[in-house]
Each structure stands twice: as structure tokens, then as C-alpha cells.
Amino acid sequence: MSFPKGFLWGGATAANQLEGAWNEDGKGVSISDISTGGSAKQSKRFTPVFEEGTYYPSHVAIDHYHRYKEDIKLFAEMGFKVYRFSINWTRIYPTGFEDEPNEKGLAFYDDLIDECNKYNIEPLITLCHYEIPFEIVKKYKGFASRETIDLFMKYVTTVFERYKGKVKYWLTFNEINNGTNPVGGPLALGVLGDTENASEFIHPVNDDPEVRFQALHHTFVASALAVIIGHQIDPNFKIGCMQIMATSYALTPDPKDQILNQQHNHIMNWFCSDVQCRGAYPRYMNRYFKEHNINIKMLPGDTEILRDGHVDFYTCSYYMSFCQTTHDNREEVAGNMMGGTANPYLKASDWGWQIDPIGLRYSLNEIYDRYQMPIMVVENGLGAYDEKGEDGMVHDTYRIDYLRQHIEQMKEAVEDGVDLIGYTSWGCIDLVSASTGEYAKRYGYIYVNKFDDGSGDFSRERKESFYWYKKVIETNGEDLTDVDTTDLRP
């Protein structure tokens with residue numbers, strides 16, 4: 001079986017990782033704007049007070065704000081059917097507390113959406129992709145406060161009404177289940193443990209699980225209200241959730257490992273999507289909350305809001321998998337905002353993320369069996385060090401191999417009966433890494449001449465994977481063979 005006709009091939013980015021122009025045209029400060037650069041060995045930091053001489057990569061990123069026409073044209077050359085990007089909340093409401101939106105911010109996204117539509121590229125817009133206004137973080141601890149729901153809905157209603165008729169597909173919150181982990185509190189929920197002093201991203205300070213899960217509840221309500229209001233504003237809107245699919249296996253057949261893995265999957269992989277797709281809290285959370293002394297405060301009507309505001313489709317990021325075990329002497333590995341036990345059958349990327357294409361097929365089947373709704377894989381890709389060859393081109397055959405293997409497994413999932421409707425690989429153009437705050441970790445089909453020492457002219461160049469992915473899209477995923485770049489020069 002082939003990919004369905006009309007399958008949405010494309011790529012994905014986030015405003016804070018590629019736009020730059022962090023303080024231009026009325027834009028305010030987001031949680032990502034106070035994040036410094038870092039690396040695989042050195043955690044990036046949150047600095048509530050900007051430090052002179054410290055590098056903040058999101059401030060310039062890859063200058064997409066001024067180069068979006070060039071970038072969209074390159075996406076169109078590859079044949080993109082869909083482009084996932086986020087609207088930066090602080091371009092629309094700089095602090096989150098304004099009564100009226102920033103017209104220059106709205107106009108920018110008008111232009112960006114129009115540029116996509118010009119090339120028949122379907123916009124897929126994330127409403128909140130690690131871009132909560134920092135003023136809300138400081139005053140309300142992000143979504144830890146119920147008041148943030150109203151601020152979010154003001155923003156959402158504004159962009160829904162502004163772009164109705166031009167945008168069909170929306171996602172409410174990026175990787176919402178990242179909020180189940182301490183490291184995800186600041187970015188996903190706006191819950192920053194110290195809003196006065198600098199702190200490490202990878203080692204959050206003053207984490208309070210009860211505060212985080214209360215913030216998650218408010219985020220669930222905000223997401224559901226967005227779905228309800230979105231459908232009222234434009235019945236043609238399709239509004240989805242977005243999860244980290246952190247595929248996990250029991251390391252051994254030991255029943256204790258099986259239970260540990262099931263518990264991990266309940267909290268990390270299923271809790272948030274159960275609420276957003278099924279419209280209610282799952283029963284297994286009752287015991288989890290009790291054992292962790294977490295008391296979720298719900299207002300009358302929340303249950304009905306969650307029920308009525310379930311999403312139309314499910315989306316996820318998928319990069320890696322890992323294992324769970326109760327046994328000692330295990331090897332730890334890194335992952336997307338988290339870690340786990342190494343799987344001895346898998347190899348790892350330059351950043352230690354274990355590569356598991358078959359795990360994508362496994363996960364897509366698990367997701368579809370659970371929710372029976374359309375699915376998109378909206379992040380997937382290989383972060384790697386890219387070097388130019390003697391001919392000046394990046395021959396990223398390692399990236400092509402990674403993507404090919406995952407696309408092959410997506411095709412297997414379609415054959416299994418999964419209703420997979422789209423695929424947007426992550427970082428279709430090189431951008432700033434969310435987890436490490438560096439340029440060196442590159443994902444794109446398009447090389448951006450920008451580097452972690454601050455040098456670079458932002459010029460764009462096609463990698464070998466650019467031509468490969470173009471062929472994949474042209475053939476609707478049928479031709480995954482290598483491309484000959486002999487006659488292709490930068």
C-alpha cells in the first residue's frame with residue numbers, strides 16, 4: 001500500500017528557533033528569549049535579567065523574519081504540501097496583558113501565510129510553541145495560574161479570527177506532555193522555578209510537581225476552549241494536539257520492568273493525549289496523584305469543557321526510543337528533553353539519541369488503536385554535525401538514511417491500517433536547537449551559514465537531502481533511493 005493521495009508532505013519549525021528579530025516591530029519577550037546558548041555538554045540557562053556579553057541565539061536565530069520569502073520559495077521548490085510553523089504569542093500580545101493586539105505582528109503572519117498559500121503550501125500553525133510571554137511567567141508562573149487561560153484565549157481568538165479562511169490546520173500546544181517532566185515546566189507551561197536568578201535548563205530549580213500538574217490542567221482547559229472557540233469561528237478548522245512520542249520498552253521480560261514501563265508510558269506518552277483526544281482524565285492518574293501528593297483544583301464546568309473540546313486529530317514528535325528497567329548496571333542515554341535506559345539493539349546519534357525507525361511504526365499503531373483519529377508526524381529528523389564536501393555541498397547521506405528508514409516504517413504503518421495523513425520533518429531548514437541552544441546541531445535540508453561563535457551571513461544552501469526529499473515528495477513516498485548530485489552545485 002502507498003501513502004494516501006493528498007498526503008501532506010512538508011517540514012516543521014518554531015518561531016523562537018528561526019525568526020530572530022526578537023525585539024523588532026513591537027515584539028515582547030518570551031520564555032525562550034531569556035534562554036542562553038548551550039551545547040551537548042553545557043546546559044543552556046534561563047536568565048530573567050539579560051546578561052551583557054551573553055549569547056542568546058533566539059534573538060537572531062536564522063533571521064527568517066526578514067528572509068521568509070526566500071525560505072518559503074525553497075520549501076516550494078522541494079514541493080512542500082504543508083509547512084508547520086508557530087505564531088509567536090509575543091508578536092501578537094507583547095506582554096500578554098495588552099487589550100489590543102500588535103498590528104505589525106499580525107501583519108507579519110498575514111504575509112507569511114499568504115506566501116505559503118501563494119505556492120499552495122498548507123499552513124499548519126502551532127499556537128504555543130515554547131513562546132509564553134515572560135511577563136506572564138513572572139506574574140503568574142505561566143499556566144500555574146488560572147488567569148493565564150483568559151490571556152491565552154484572547155490571543156487565540158485574535159489569530160483565529162484574523163486568519164480564518166486562510167488556515168485550516170492548527171495545533172494548540174507543542175509537546176504538551178513535556179510538562180510532566182521538571183525540565184519541561186518552563187518551556188511548555190511557563191513554570192520557571194526562579195524568576196529572578198539564572199538557572200540551568202537541564203537542572204530546573206524549585207520544581208514543584210503539584211504546581212506543574214496544576215499548570216497542565218489549566219493548559220488542558222485552554223486547549224479545549226481553543227478547540228471549541230475555533231470551531232465556532234470557522235467550522236472548517238481542524239485543530240489537533242501535539243505530543244512527544246517518547247517510545248519506551250521494558251528492557252527485560254522481568255514483570256517488574258514491564259510494570260515500570262507501563263507506568264512510564266501512562267504518564268509520559270498517554271496522560272496528556274488521553275485528556276486531549278478522549279476528553280477526560282484517565283483513571284490511572286488517580287493513583288499517581290495520590291502517591292505523589294498532587295491535588296488538582298478543578299472548577300465547575302472544567303469536566304464539560306474537556307469533554308467538548310477534544311481535538312480533531314493527533315500529532316507527535318518522534319525522534320528516538322529508550323528502555324525502562326528496575327535492574328542495576330544499566331546504561332543511560334539521552335533523548336528529546338529526557339533520558340532513559342539504553343537499548344542494546346540500537347545505535348545513537350551524535351547527541352546520544354538512540355535511532356529506532358521500527359519504533360515509529362510500533363508507536364503509530366499504538367496511537368491509532370487508542371484514539372481512532374487521523375495522525376500526523378509533525379517532528380522527526382536527525383540532528384547532526386554537517387560538514388561541506390570538497391564541492392561545497394553538504395552530502396548528508398546519514399540524514400537521508402535516517403529519514404528513509406522512518407518513512408519506510410510510516411509506509412508499513414499505513415499498510416497496517418493507520419490513518420496517517422501527514423509528515424513534517426523537523427528543522428527543514430537549519431535552526432537553533434531547543435534542547436541545547438546551538439546551531440551546530442543541524443536538522444535541515446537547507447544549510448544556513450550561521451554558527452555558534454556568532455559568525456555567519458545567514459545565507460542558505462541546498463544540501464544533498466534537499467534534492468532527495470524533493471524526489472520523495474514528487475513520488476508521494478514511493479522513490480526513497482539516493483540521488484545523484486554530480487551535476488548539482490551550491
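Mentor: First a definition: buried means under 20% relative accessible area, exposed means over 50%, and partly exposed lies in between, with a 1.4 Å probe and protein chains only. Helices (H or I, at least four residues) and strands (E, at least two) are DSSP runs, numbered from the N terminus.

Trainee: And where do the coordinates come from?

Mentor: This is a predicted model: local features need pLDDT of at least 70, side-chain atom pairs count only at pLDDT 80 or more, and totals for chains, interfaces and linings use all residues. Residues are numbered from 1 along each chain as its sequence is written, and side-chain values use heavy atoms, with hydrogens and water left out.

Trainee: OK, α14. How many of its residues are buried?

Mentor: In α14, 9 of the 11 residues are buried, so the helix is mostly covered. Among them are Phe466, Tyr467, Trp468 and Tyr469, but also Glu464 and Lys471.

Trainee: What covers the buried residues of α14?

Mentor: The cover includes strands β1, β14, β15 (446-448) and β16 (460-462), plus helices α2 (64-78) and α13. Contact here means heavy atoms within 4.5 Å.

Trainee: How does α13 lie against α14?

Mentor: The axes of α13 (residues 397-416) and α14 come within 9 Å and cross at roughly 25°. Axes are lines fitted to C-alpha atoms, for helices over the stretch in contact, and angles run from 0 to 180 degrees between N-to-C directions. Under 35 degrees counts as roughly parallel, over 145 as roughly antiparallel, 65 to 115 as roughly perpendicular, and the rest as oblique. So α13 and α14 are roughly parallel to each other.

Trainee: Which residues make that contact?

Mentor: From α13, Thr397, Arg399, Ile400, Leu403, Arg404 and Ile407. From α14, Glu464, Ser465, Trp468 and Val472. They divide into 5 nonpolar, 2 polar and 3 charged. Ala, Val, Leu, Ile, Met, Phe, Trp, Tyr, Cys and Pro count as nonpolar, Asp, Glu, Lys and Arg as charged, and the others, Gly among them, as polar.

Trainee: Switching to the sheet. What do the strands form?

Mentor: A closed barrel of 8 strands, in the order β1-β3-β4-β5-β7-β9-β13-β14, with parallel pairing. The twist averages 25° from one strand to the next. Two strands pair if DSSP finds at least two bridges between them.

Trainee: How many bridges join β9 to β13?

Mentor: There are 4, between β9 (residues 313-317) and β13 (residues 375-379). Cys316 stands opposite Val377 in β13. Helix α12 (residues 357-371) packs on the sheet there, touching β9, β13 and β14 (420-426), and its direction makes about 135° with that of β13. Helix α14 (residues 464-474) packs on the sheet too, touching β1 (8-12) and β14, at about 150° to the direction of β1.

Trainee: What about α9 and α10?

Mentor: The axes of α9 (residues 255-278) and α10 (residues 284-291) come within 11 Å and cross at roughly 120°. That makes α9 oblique to α10. Contact residues include Trp270 and Phe271 of α9, and Tyr288 and Phe289 of α10. The whole set divides into 7 nonpolar, 1 polar and 1 charged.
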